[in-house]
Amino acid sequence: MSFRKRNIGLSTGGDRTGSVNASAQSQQAPAAPESTPGVRPSPDDGRPTTSTGTPSLDNILAGHGGLPIGKTLLVEENGTTDFAGALLRYYAAEGVVQDHRVHVVGMPEQWGRSLPGLIGPADAVDDKQDKRKGERMKIAWRYERLGEFGAGIAGSRVPTATSGDQSQPTADGSPDKRPAFCHAFDLTKRLTHPSIANLNYIPLTPSNEPLFTTIHKRLDAAIASSPPNTVHRIVIPSLLNPTIYPPESSQPDSVLPFLHSLRALLNTPGVRATAMITIPLTLFPRATGLVRWMELISDGVIELCPFPHSADALATSGAATSHEEPPQGMLKTHRLPVLHERGGGSDQNVGQDWAFTLSRRRFEIKPFSLPPAEGDKEGQDGAVPGNMPKKADLEF
Amino acid sequence: MAPTNTSHRQTHNLLLISKLLSLRDTASPLALVLDSLEQPATPLIKEYIRRAKLSKVHITFVAFETLKPLEGVDAFVAARKKSPLEIIKAVNAAYTNGSTSGPSRRRLILIDAINPLLHARRTDAHFNVSSFLSSFLMPQGPAASKVEASLVVTFHQDVPSPPLPSPYTPSPLSMLTYLATTIIRLHSFSHILAQKAARDRSLVPPVFGLEEELDGVLLGRLDKPIGNESAQGVVLELEHRRKSGRGVLEWYILPPASRYPPQYAKEIVTLLDDHPLYRPPQEPDFGAGEEEPESTFELRLTDRQRRDREGVVLPYFDAQQGDGPGEGGRILYDMGEEDDFDEEEDEI
Amino acid sequence: MPTQPPLPPLLAPYVSSLPPSSLIVLSTVLGAQGNWLTLRYLYAALNASSTSDAALILGERHNGKKQKVVLVSFLRGWEFWRAEAKRLGLDLARLTDKRQFAFVDGLSELFSGPRTTPTTTTTTTTQTTPPSLVPSPRGGPVPQRTILPSRSAPGPIPARGPQPARGPAAVAAPAPLTPSAPSAPPASSREIGPVKRLHLSGKGPAALDRLEKDIAAVVAHLSGRATATAEGEDDSEVLLVLDQPDLLLAATGPGQGIGATEMTEWVMGLQQYVHATVMTLAADLPLIHNASAAAHQMPTPLETEHAAFAIGSAHRAHLVMQLRDLDTGAARDVSGVLRVSKGGAWGQSDNTDANGSWEEKEALYFVQRDGGVSVFGRGE
């Protein structure tokens with residue numbers, strides 16, 4: 001009977017399911033290859049998911065290991081920092097690397113040029129990280145270098161692989177041959193990739209039509225005109241930010257219909273797209289009805305609350321010891337895709353406090369624990385070499 | 001309060017509520033019922049209808065938010081999508097239609113909720129609550145002028161009011177309370193009891209429902225919040241303005257409709273203060289504390305101990321004797337048999 | 001396999017046998033969505049006729065009346081409801097064919113017109129239904145996992161073989177298939193498809209009227225009456241489920257002439273066509289309390305109108321089912337709190353026997369991964 005349950009889960013949309021459901025109607029299903037790069041079935045219920053470009057963010061999305069196709073993620077940020085922008089860049093860069101079609105709303109082309117450079121598949125980086133946890137500090141550091149080297153090779157292999165072996169099924173056992181689902185990026189480098197030119201920029205140009213109607217039409221047209229198998233990523237940085245958007249766009253009857261249409265677009269059968277939206281909470285607090293409605297229309301809502309003083313830690317600390325860095329802020333998950341729509345609960349991560357750390361090459365989300373008391377910290381810093389492994393053991 | 005005073009107030013105010021609810025002598029042409037989700041007006045409206053039926057008053061129900069006519073209503077006017085003027089016309093027409101069947105000279109107009117009208121976009125800037133309501137009470141036309149009409153308007157207190165068209169105009173609620181001759185605020189009896197219980201212990205009175213300001217909570221009412229079946233009923237906080245201008249403020253309780261037969265003619269409303277749950281009858285103080293121990297220590301004095309204590313001459317009496325500085329101030333005490341004098345410790 | 005019964009016993013009295021012309025308000029918050037509860041309403045109404053054994057239990061209570069459901073969803077598409085209902089054992093596609101269920105899509109084209117993609121813009125009944133509306137086998141699950149590797153071949157048709165005559169090509173068949181539904185002229189049934197898509201056009205109350213007409217047409221089609229009349233003597237009762245109509249209010253607002261009163265009147269208009277109505281609303285703190293007098297800031301019109309609509313609806317409701325997060329924060333074995341309260345219209349109609357089993361209570365609920373729901377008291 002557990003078999004049936006899985007089948008039911010599988011039938012919740014997307015191309016794979018379409019073919020499973022044996023519907024001759026689904027136009028895209030026959031043509032849909034099993035191994036669309038960057039799309040894999042959710043370990044939870046088999047629905048197709050795609051990576052956000054941030055492995056640890058993928059991991060907290062209610063057990064799906066990524067953002068399910070057809071879902072929107074609203075990233076809210078307090079303060080004037082731009083951690084959410086980093087998440088967006090990872091998301092967009094991941095799309096570029098995976099040959100997804102990336103639509104960027106309201107940003108100039110410089111934004112696309114500032115995407116972080118590719119390091120390699122995130123799996124490799126993760127493996128390295130796992131080893132690092134268990135081993136002594138020195139060895140871990142070595143592995144890190146090695147892993148990065150190998151990852152670089154694998155990463156460079158990915159774009160070629162995507163065009164070539166599309167018929168390769170995901171069920172293929174060996175992890176080496178499987179195209180990477182998520183990649184690691186380096187914020188200090190610039191992404192160079194052949195498909196970066198394919199970024200679709202949707203500028204906010206004034207016209208007779210309401211602004212959001214124009215955006216929606218252009219998104220719709222761009223998605224409609226692309227080949228049916230294309231996976232789309234819609235990137236909307238800093239929605240409603242008055243330096244980008246005209247003031248009348250923050251009227252509920254302007255922005256809410258847009259988000260609703262966007263939701264409708266993503267839910268259209270045959271369209272395989274995800275969207276990530278960021279919004280500055282300082283200008284639009286969560287306590288207002290407008291933002292609450294934007295959250296209600298979105299499938300996933302996460303809030304970033306940066307700690308006030310940790311911004312300079314980012315600059316001084318090297319990436320090598322990134323996982324020892326103090327957290328730079330709290331991350332709250334207010335709503336997770338699929339899970340909350342079904343009624344919530346039952347996720348192992350629900351109720352967890354999260355902290356995030358942004359370093360050069362990763363945006364890491366991990367369970368939040370209060371740091372040791374201030375006085376203790378100095379003592380720890382003094383005894384770094386001997387204590388490090390133990391501390392790492394304790395932490396995980 | 002002296003007993004005579006209480007009974008006077010009792011009879012007087014009970015007579016008043018009886019008159020108001022039964023619409024006798026047009027005691028109050030415009031009654032405003034302020035309800036909330038915690039205590040909706042439905043029981044009171046049904047009581048109005050019941051009494052009006054008993055005294056054969058013609059009832060018109062103007063429904064802004066009710067779909068089905070309530071039982072016992074003579075005319076049901078659906079106000080959905082109607083402009084104020086159309087509503088007035090329909091209400092006036094309802095009576096002329098109904099009056100042919102029975103020669104009742106009094107009529108009761110119930111408005112189930114005035115909020116939708118105040119909120120409606122279709123009401124233009126010239127809409128005026130006072131003229132709207134008074135047009136029910138004083139209909140144009142010579143034929144209808146003899147009718148004594150009473151208007152009972154329900155206003156949901158917890159529904160937020162729309163922003164005022166001008167910052168200088170009074171809010172609709174203050175307008176209504178100003179116009180109304182009778183204002184009845186409704187409270188849930190169980191909440192009143194819970195709040196009283198808290199106040200009696202000098203605790204912060206609890207709040208319910210929307211006032212809790214909890215995410216996702218609209219209603220806080222539960223059937224048996226204190227596990228007390230008899231804590232049902234509606235508490236009416238009545239504010240009535242007499243023709244003389246004098247105001248009366250009184251709290252009543254309306255028992256649930258299941259407690260009395262629909263044809264029951266006697267007054268069922270009682271003063272809140274007379275309700276046994278609100279003010280439990282004082283039990284006579286017989287043999288206070290004799291049965292149950294209050295403490296493991298005996299804190300009371302026997303008569304003999306009290307006498308002995310009174311017999312103690314306190315030091316300042318001795319000091320006033322004027323024996324000179326440094327003298328006096330002794331405790332003069334006669335040792336009793338139960339005192340255990342210790343040579344080494346005690347000194348006199 | 002769901003270890004929980006589809007209808008938790010504690011919940012059963014509230015979701016089945018709704019009194020006539022009643023309104024049930026289902027208030028939800030961001031972290032505690034009510035879709036599972038909405039599905040329970042669907043299940044209670046539809047299950048009696050879809051499976052025979054439960055019909056014996058529920059059928060009696062409904063006095064032999066057939067329950068039909070019109071689901072109007074403004075935030076969720078057909079695919080979601082179909083998949084979630086399937087987890088409960090309800091085959092909405094088949095029920096649509098049998099004219100016991102109709103879905104009104106308030107998501108796809110509400111604000112934007114039909115999509116420009118030629119593949120999805122379709123006009124006829126058969127193609128308006130999403131592709132996956134085609135019922136997949138409920139009784140005999142295809143072992144999908146095992147077939148998957150071979151599925152890369154561009155031919156899913158072999159798997160379709162075992163399900164005959166259920167495809168869209170067979171839509172002409174359903175009208176005769178419905179055994180007891182009142183026979184409607186088949187010509188009219190062609191025009192109104194099983195999935196009606198709403199589109200908000202124009203401004204103000206006129207736009208709402210148009211939506212009302214569209215939904216009324218679906219209701220009329222389902223109940224087999226040529227014209228939408230008020231609920232009369234009929235052998236079927238239609239339950240209308242409105243999923244978050246408050247979106248309409250939020251996304252239009254008083255600036256476009258749609259306020260709380262207009263929305264309330266719109267819902268009242270819809271209520272006239274059906275036996276009972278279930279409506280889900282957002283009751284998040286900012287949407288309800290920012291507009292209250294105790295708030296410190298000037299409320300925005302969105303907040304005022306939403307609060308007026310939500311609270312006003314609670315005043316009009318017979319029953320208010322309130323979902324909220326656990327007060328003590330999220331937990332692993334509790335999804336949220338369900339509070340059942342009697343609404344402002346409770347007791348207006350005197351038939352106490354129909355809803356005598358309703359009792360106000362507060363309980364915890366837990367939605368399992370497999371879709372099963374358990375409802376239990378605190379400490380149980």
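Analyst: What follows is a conversation about this structure, which is a predicted model.

User: Since it is predicted, how confident is the predictor in chain A?

Analyst: Chain A has a mean pLDDT of 72, and 64% of its residues reach 70 or more. Over residues 1-33 of chain A the pLDDT stays under 50, although the model has 94 contacts beyond four places in sequence for them. Residues 130-176 of chain A are also below 50, and that stretch has 68 contacts in the model beyond near neighbours in sequence. Where pLDDT is low, the predicted coordinates should not be read in detail.

User: OK, and what about the sheet in chain A, which strands form it and in what order?

Analyst: It is an open sheet of three strands in chain A, in the order β1-β2-β3, with antiparallel pairing. Strands β1 (39-41) and β3 (67-68) of chain A stand at the edges with a single partner strand each, so one side of each has no neighbour in the sheet.

User: How many bridges join β1(A) to β2?

Analyst: Three bridges join β1(A) to β2 of chain A, which covers residues 48-50, and the two run antiparallel. Within that pairing, A:P41 stands opposite A:P48 in β2(A).

User: Switching to the other chains, how many helices and strands are in chain B, and how much of it is buried?

Analyst: Chain B has nine helices and nine strands, and 32% of its 348 residues count as buried. Taking the contacts in chain B between residues at least 6 apart in sequence, 65% join residues at least 24 apart.

User: And the secondary structure of chain C?

Analyst: Chain C comes to 15 helices and 10 strands, and of its 380 residues 54% count as buried. For contacts in chain C between residues at least 6 apart in sequence, the share that joins residues at least 24 apart is 76%.

User: How many residues of chain C are in contact with chain B?

Analyst: On the chain C side there are 47 residues, in contact with 35 residues of chain B. The elements of chain C that each supply at least two residues to that side are α13 (260-271), α14 (285-289), α15 (301-316) and β7 (319-324), and the largest share, nine residues, comes from α15(C). By residue type, the side of chain C that touches chain B divides into 18 nonpolar, 19 polar and 10 charged residues.

User: I was also looking at α11 in chain C. Why does its span agree with what it should be?

Analyst: Helix α11 of chain C has 20 residues, 204-223, which at 1.5 Å a residue should span 28 Å, and its end C-alpha atoms are 29 Å apart, so the two agree. The buried residues of α11(C) include C:L208, C:L211, C:I215, C:V218, C:V219 and C:L222, and C:E212 and C:H221 are also among them. After α11(C) comes C:G224, whose phi is positive, near 80 degrees.

User: Which residues touch the most other members in the largest nonpolar core?

Analyst: That core has 190 residues, of which C:L42, C:V70, C:L239 and C:V241 touch the most other members. Its largest share, 11 residues, comes from helix α4 (residues 83-97) of chain A. Leaving out residues up to four places away in sequence, C:V70 touches C:A102, C:V104, C:V218, C:V219, C:L222, C:V238, C:L240 and C:V241. Residues C:V218, C:V219 and C:L222 are also among the buried residues of α11(C).

User: What lies apart from that core?

Analyst: Another core, of 62 residues, lies apart from it, and among its members are B:L34, B:L110, B:A120 and B:I192.

Notes. Residues are numbered from 1 along each chain as its sequence is written. Chains are lettered from A and ligands numbered from 1 in the order in which they are written. This is a predicted model: local features need pLDDT of at least 70, side-chain atom pairs count only at pLDDT 80 or more; totals for chains, interfaces and linings use all residues. Two residues are in contact if their C-beta atoms, placed from the backbone, lie within 7 Å. Helices (H or I, at least four residues) and strands (E, at least two) are DSSP runs, numbered from the N terminus. Ala, Val, Leu, Ile, Met, Phe, Trp, Tyr, Cys and Pro count as nonpolar, Asp, Glu, Lys and Arg as charged, and the others, Gly among them, as polar. Two strands pair if DSSP finds at least two bridges between them. A residue is buried if 20 or more other C-beta atoms lie within 10 Å of its own, exposed if 12 or fewer, and partly exposed in between; C-beta atoms are placed from the backbone. The expected span of a helix is 1.5 Å times one less than its number of residues. A nonpolar core is a set of buried Ala, Val, Leu, Ile, Met, Phe, Trp, Tyr and Cys residues joined through C-beta atoms within 7 Å. pLDDT is the predictor's confidence in each residue, from 0 to 100.
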